Amino acid sequence: PVSLPSAVGQCGNQVGCRFWDLALREHAAVNKKGIYDESLSSFFRNVDTRSGGDGPDIYKGKICSLKARALLIDMEEGVVNEILQGPLRDVFDSKQLITDVSGSGNNWAVGHKLYGYQYRENIVEKLRKTAEHCDCLQCFFIIHSMGGGTGSGLGTFVLNLLEDEFPEVYRFVTSVYPSGEDDVITSPYNSVLAMKELNEHADCVLPIENESLFDIVNKIHQMIDSGKLGSTVKQNSLVTSSAGSTKTVQEKPFDAMNNIVANLLLNLTSSARFEGSLNMDLNEISMNLVPFPRLHYLVSSLTPLYTLTDVNVPSRRLDQMFSDAFSRDHQLIQADPKHSLYLACALLVRGNVQVSDLRRNIERLKPSLHFVSWNQEGWKTGLCSVPPVGHSHSLLALANNTCVKPTFIELKDRFMKLYKKKAHLHHYLHIDGMEQSCFSEAISSLSDLIEEYNELDATKGGPRTDPSRLKIAV
Amino acid sequence: MSIVTVQLGQCGNQIGHEVFNAICSDVHGTHGLCSKKENESYHDACKERFFSEEESEVPVARAVLVDMEPKVISQTLSIAARSGYWKYDDRSHFCQKQGSGNNWANGYSVHGPRHEEVIMNLVQKEAEKCDRLGGFFTIMSMAGGTGSGLGAFVTQCLRDAFPTSFILNHVIWPYGTGEVIVQNYNSVLTLSHLYQSSDALLVHENDVIHKICAQLMKVKQISFRDVNQVIAHQLGSVFQPTYTAEGGLHYSRNPLGDLMETLVPHPEFKMLGLRNIPQMPENSLPYSTFSWPGLVKHLRQMLIANAKMEEGIDWQVRPPQLRSSIPSSHSTNKPLHFNTSIANLVILRGKDMHNVDLGSFRDPSLYTSWLNPQDAFNAWKTPRAFNKYEKSASLVSNSQFLLKPLDNVVGKAWNMFASK
């Protein structure tokens, strides 16, 4: 089944760029014979470029020229141009790009209302074209940040579009939320306005916070610099590294952080692309992890962060991987799932991990976790045989957990601080289609969401009364 | 008579493949510690049941492979072909791209009707290849979306298209602590639908097989492949040829029919459980000796104490004392934990099975009152050893064994449903 990522805005495209690079690396490691196969087709088309330009798609046989199934959208040219001049230039063609020059000025309204209106036809057409090449389109991914103007505004506009034009296809959104010290003053406005769209039009959201990515990157640097691990760390196994990828340019500060998000997406789709003893597809993620339509925010964690060169992996190191997945400092947002309430949890393992390892660890960790009363033993598990490059095994944990609440509450607080003073509001209101009600509706939507989490939290630790039913004689 | 196997979903296809593997390796691997003539009869009977002879040198499994995503089927087909001993018919499969998303409704209401014609055509083709059709054996899990939902739909179609054929559904009961969060919904929906169209449901519980792998087979890092191989061995021990009549001259030609006749006297009680002993790692076999009385004794206690394997049996459980005037099924002095049976079938494979005393299985206190114990119990035998075990015994029973697990599943499904 095919997934179609759309990267919107600077952050989205920078993450997207890392994603395509690592995806190629991952498939190259597995696909030694250079044959275009089912797993490659999830993210790439195989195009015959001999006749120059955009030839017909080749569905079988040797790889001719791989083109990413993607849409790259940015209202500034800088990032996309850089991608097109870099090592990935042959992976994209102009028909997949939508760019403009002046950017969105960190203004959600400019992204959503102005550019949305202006580029609607263009976006729909390009989406249709790209979707046409897909044998069986299962899922759209949107990769963007919440705090800016393009990713946030135009990104959520695209989300709306996807729902209108392709209602049957799942919509997964990877959203980078701004941290408290974000240098964009209007980021709370942009984020809250975008949240309303995510609430209403996304099937699943994977929130990411830069602070968490930053902490993880630092943690890895510290481990390596302290010499505790010395030369025993496999460089290309770092969840932050592009080692072995096509990039030759000096890595920029955000690259390590973006690699983490790229790895998240790779792991999320691994079981749909590669074989395993218990496959887990994207449509199953939504089915199992979203008990009620609006509660679709999933906290993610990736472990291990690095692999040691010691090839023999005793099971306690495997077990450590599972423990880490639930620890606060491995989550990709500032959250502590262990001390909050789980509505659902999914574990997707890759590599040489078997069902007994999964069961042993679920039994071990379960007692310290709080699950909602109507899903005490519900875990969704997946086993994919192919590990990520440089690792012998890895684990992606997805939690639908009330620990997202603090992130939303903080966002609301930051929003209210500005909104009470009506600071910077005029920049938004003078855009055609924006009214004060957009703001009040957005904050109301966020408040309702927080309230739903509050209600769930209130049930935590309380007496467990199962609804009565007809008892059968045992 | 031949059995057509329908493998549904990832689980169904993975297990189906191991079943044909186990059957093949049983037939080719050993001479069965019996006479050449016996071995040949066994071989022929087995071939007739499960394989068709075609232009290819290798026997072709009588099977239809169905899945809503392509990876598992393509793997299954290629691994089977590589074995060199058997293969699947290259055309006898159907798959889509999307999967069912663990959604029973997707499997049953969307994929089912949409692909009914194609799937039933494949089944028809396999059925036509059989000289005489002995019935259908479907393999599926309850927890997912395809095996469960599409499986329930296909079973219904089989019933409609072949109203007089036997249908046996092999159903995998998922791990209690979850493989799929909505597994209890999927399970409840599957069981209730299968009950309408199936003749019998043969159940294997993942938790139980997992324990067998850990404690008996001594597997360190248990994979689904290990689990599936134990299941396949147990199924093989039931489906491989046997003599069903005392002093019979030929291997039985109608395995499914015989199974239904001995075990499903009443249409409301169709859940069958399977126990097979001994189970041990292959390298322990040369050091072990088996006696029929020992095996029979263990199997009987496993039945009445509802033990799923030969370790950890509760020997304290005893059948109730029968008083002739009180109908045993309503007796209040029936001890707890006692597993009452409707019908039982013991299958003995190995030499010297002719004079094995199975009287303990005919004890009326094991059974409900509405069947004569003579009718409630049957034994099938063959001197030909199965799959490297010089003596092995299986018990297929229609009893209360699934009551607790069923209650658990229904309870959890209700809990989830009745929330908010």
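Colleague: How much area is buried between chain A and chain B?
Modeller: About 3900 Å². Carbon and sulfur atoms give 53% of that. Keep in mind that this is a predicted model.

Colleague: Which residues in chain A lose the most area to chain B?
Modeller: A:Arg359, A:Trp374 and A:Arg469. Together they make up 16% of what that side buries.

Colleague: And how many residues does each chain bring to the contact?
Modeller: Chain A gives 52 residues and chain B gives 40.

Colleague: What about charges? How many salt bridges are there between chain A and chain B?
Modeller: Three. One of the pairs in a salt bridge is A:Glu377 with B:Lys412, at 2.9 Å from N to O.

Colleague: How many residue pairs are in polar contact across the interface?
Modeller: The rule finds 25, with both residues at pLDDT 80 or more.

Colleague: Switching to α8(A). Why is it largely enclosed by the rest of the structure?
Modeller: Because seven of its eight residues are buried.

Colleague: Which ones are buried in α8(A)?
Modeller: A:Leu282, A:Asn283, A:Glu284, A:Ile285, A:Ser286, A:Asn288 and A:Leu289.

Technical notes. Residues are numbered from 1 along each chain as its sequence is written. Chains are lettered from A and ligands numbered from 1 in the order in which they are written. This is a predicted model: local features need pLDDT of at least 70, side-chain atom pairs count only at pLDDT 80 or more; totals for chains, interfaces and linings use all residues. Side-chain values use heavy atoms; hydrogens and water are left out. Contact means heavy atoms within 4.5 Å. Buried area is the accessible area (1.4 Å probe) that two parts lose on being put together, summed over both. A salt bridge is a side-chain nitrogen of Lys or Arg within 4 Å of a carboxyl oxygen of Asp or Glu. A polar contact is a pair of N or O atoms within 3.5 Å; within protein, one must be able to donate a hydrogen and the other to accept it, and residues adjacent in sequence count only if both atoms are side-chain atoms. Buried means under 20% relative accessible area, exposed over 50%, partly exposed in between (1.4 Å probe, protein chains only). Helices (H or I, at least four residues) and strands (E, at least two) are DSSP runs, numbered from the N terminus.
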